Amino acid sequence: MDFQKALVIDLGGKYTQLLARQIREARVYSEILPCAVSLEEIKQREPQALIINGGPGIIDDDVLDFLDPGIFKMNVPLMVIGYGLKCLWGGTEFLQLKSDQDEKHIENVEKALQIVKEPPGYQVLSRGTDGSPYTLFSPEQNIFATLVYPEKEDNIEILHHFLFNIAKLEATWTPASFVHQTIDKIKASFPEGARAVCGLSGGIDSAVSALLVYQAIGERLICIFVDHGLMREGEPEQVVRTFREKYKLNVISVDARSEFLNKLKKIVDPEEKRRIIGEHFIKVFEREASRFEGVDYLVQGTIYPDIVESLSPAGETIKTHHNVGGLPERMRLKLIEPVRELFKDEVRQVAEYMDLPTEMVWRPPFPGPGLGVRVLGEITPEKVNIVRRANAIIEEEIKNEGLTHELWQFFAVLPQISSVGVSGDQRTYAYPIILRAVTSRDSITAEWYPFPYKVLDRLSRRIIEEIEEVNRVVYDITSKPPATIEWE
Ligand code: XMP
């Protein structure tokens, strides 16, 4: 990226992603790097500002050993936050741990660390209630040090002061600038005569990725849409129509519904279901892609949290994320991931800028295995159909209530049980539908949503009236953690 950028070096703070996002919300491009990053790598990125972030959370001094002290001599405006101050003044007369603190398990650094003496050359900009310095600035070294968490809404002006007054950055990171720069970059680096394939899933991440690449290389992009039969209502038609008709993309649509359902017969274990869907998806995609000559690139809708979550502060991989696991190596394809630097809300902003249909932009994120993980236990066409119809009612009602933007995900789950009910004067023995609706910023944590009773009531009535096979609706009131968002 050729934007001005503020690099956040992560010492393991819980809120590092939030900090990076707040910087981007201030329209400055920001990236997170693990603290083990080499000085060389930092320099290569040519940052205009650096932030060393140690947030609250379990503190491990070993982490500090990874940080290259050369960072303090880079002559780039530097902000040091919270526990990061230990890198700056640890073991000196300036910084002390307040008494009675078990240093390994400090939850709130603001309350645990104390700047007891002003280091020479620093001006005190703010003080805590006990009178000790909270925010200091050294004009000579261009270092801004603070015990206050600037990613919190209440402290956001501290962050802005650093970005705009000290580092003198410009607020130029916008969806429009991102789109134009990304297209130019792909155009400049994509070899003449090469081709790319992209798996469209209906999701916004792959949709935006495909559009960006299409605008750069045109007809040389081949999009493959695999309908595994586990999509939401109307989704396959919408994807194909939007991309073929509105954007004129070359879309191959593959009806693999019965193949997938056959493979999933009698499978009840969630992990087994996921594995089968994932592996078969790759097989079908590979089969279709291999019909085209000269394909060297795979376009993937990887987004920033996928990358950041894969790294620990020390830089080793914890989880590997792949939207289309294993494909690039197997097909010997090079990856293009145009939105790999974006958070989900930024992908949506870009999608709106590129004029994708609103329903597509705001449809809640949908897992790769689709309704397959929302029909608990064995998947049958009948059950998929029930959960799909219930889901459509939920989406429609939530849209009518104007709640779409407020919620992260909302959907139906079909459990493997039946219960007794009554309809007219008839006993029924039918499925319940579980309603799941959560708010979240990034799906790492999520809160169940306190719907008004009238909304719950309408949802329940409609689902039971319109779906004969259902006689009960229950609402999942569990947050994440301890539950996950999906049931399988
Ligand atoms: P959980 O259930 O782990 O889900 O709280 C967190 C988020 O990830 C989505 N999810 C998936 N997305 N492939 C995906 O692309 C998957 O296999 C998958 N499983 C869960 C889930 O919908 C939620 O937004």
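Modeller: The side chain of Ser206 reaches the backbone oxygen of Gly203 at 3.4 Å.

Biologist: What kind of model is this, and how are its residues numbered?

Modeller: It is a predicted model, where local features need pLDDT of at least 70, side-chain atom pairs count only at pLDDT 80 or more, and totals for chains, interfaces and linings use all residues. Residues are numbered from 1 along each chain as its sequence is written, and side-chain values use heavy atoms, leaving out hydrogens and water.

Biologist: Why is Ser206 called buried?

Modeller: Buried means under 20% relative accessible area, exposed over 50%, and partly exposed in between (1.4 Å probe, protein chains only). Ser206 has 8% relative accessibility, so it counts as buried. Its place is in helix H8, residues 204–217. Helices (H or I, at least four residues) and strands (E, at least two) are DSSP runs, numbered from the N terminus.

Biologist: Which residues does Ser206 touch, leaving out those up to four places away in sequence?

Modeller: Ser206 touches Cys198, Gly199, Leu200, Ser201 and Gly301. Contact here means heavy atoms within 4.5 Å.

Biologist: What makes Arg232 and Glu395 a salt bridge?

Modeller: A salt bridge is a side-chain nitrogen of Lys or Arg within 4 Å of a carboxyl oxygen of Asp or Glu. The closest N and O atoms of Arg232 and Glu395 are 3.9 Å apart, so the pair qualifies. The two partners come from distant parts of the chain, 163 residues apart. Arg232 is in the loop between strand E11 (221–227) and helix H9 (235–246), and Glu395 is in helix H16 (residues 381–400). Arg232 is buried at 4%, and Glu395 is buried at 14%.

Biologist: How many salt bridges are there by this rule?

Modeller: The count comes to 29. Another one joins Asp476 and Arg436, at 3.2 Å from N to O. This pair also links distant parts of the chain, 40 residues apart: Asp476 in the segment after strand E19 (470–475), Arg436 in strand E17 (residues 426–439).

Biologist: How do you know whether Asp476 is buried or exposed?

Modeller: Asp476 has 8% relative accessibility, so it is buried. Arg436 is buried too, with 0%.

Biologist: What separates Arg462 and Glu466?

Modeller: They are separated by about one helical turn, because they stand 4 residues apart in helix H17 (residues 453–466). Arg462 is buried at 16%. Glu466, at 40%, is partly exposed.

Biologist: What makes a space a cavity?

Modeller: On a 1 Å grid over the protein atoms alone, a cavity is a set of points where a 1.4 Å probe fits but cannot get out. The search finds 3 cavities of 30 Å³ or more. About 60 Å³ lies in the largest cavity; a volume is the space filled by probe spheres set on the points, which are joined across faces, edges and corners.

Biologist: Which residues line the largest cavity?

Modeller: Among them are Arg27, Trp173, Phe178 and Glu346. Lining residues have an atom within 4 Å of a point. H14 gives the most to this lining, with 3 residues.

Biologist: What makes the phi of Lys168 worth a look?

Modeller: Most residues other than glycine have a negative phi. Lys168 is not a glycine, yet its phi is positive, about 55°. Lys168 lies in the loop between helix H6 (156–166) and H7. At 59% relative accessibility, Lys168 counts as exposed.

Notes: Polar contact = N/O pair within 3.5 Å; in protein donor to acceptor, adjacent residues only side chain to side chain. 1 Å grid on protein atoms, 1.4 Å probe; cavity = no way out; pocket = protein on both sides within 12 Å on 5 of 7 lines; lining within 4 Å.
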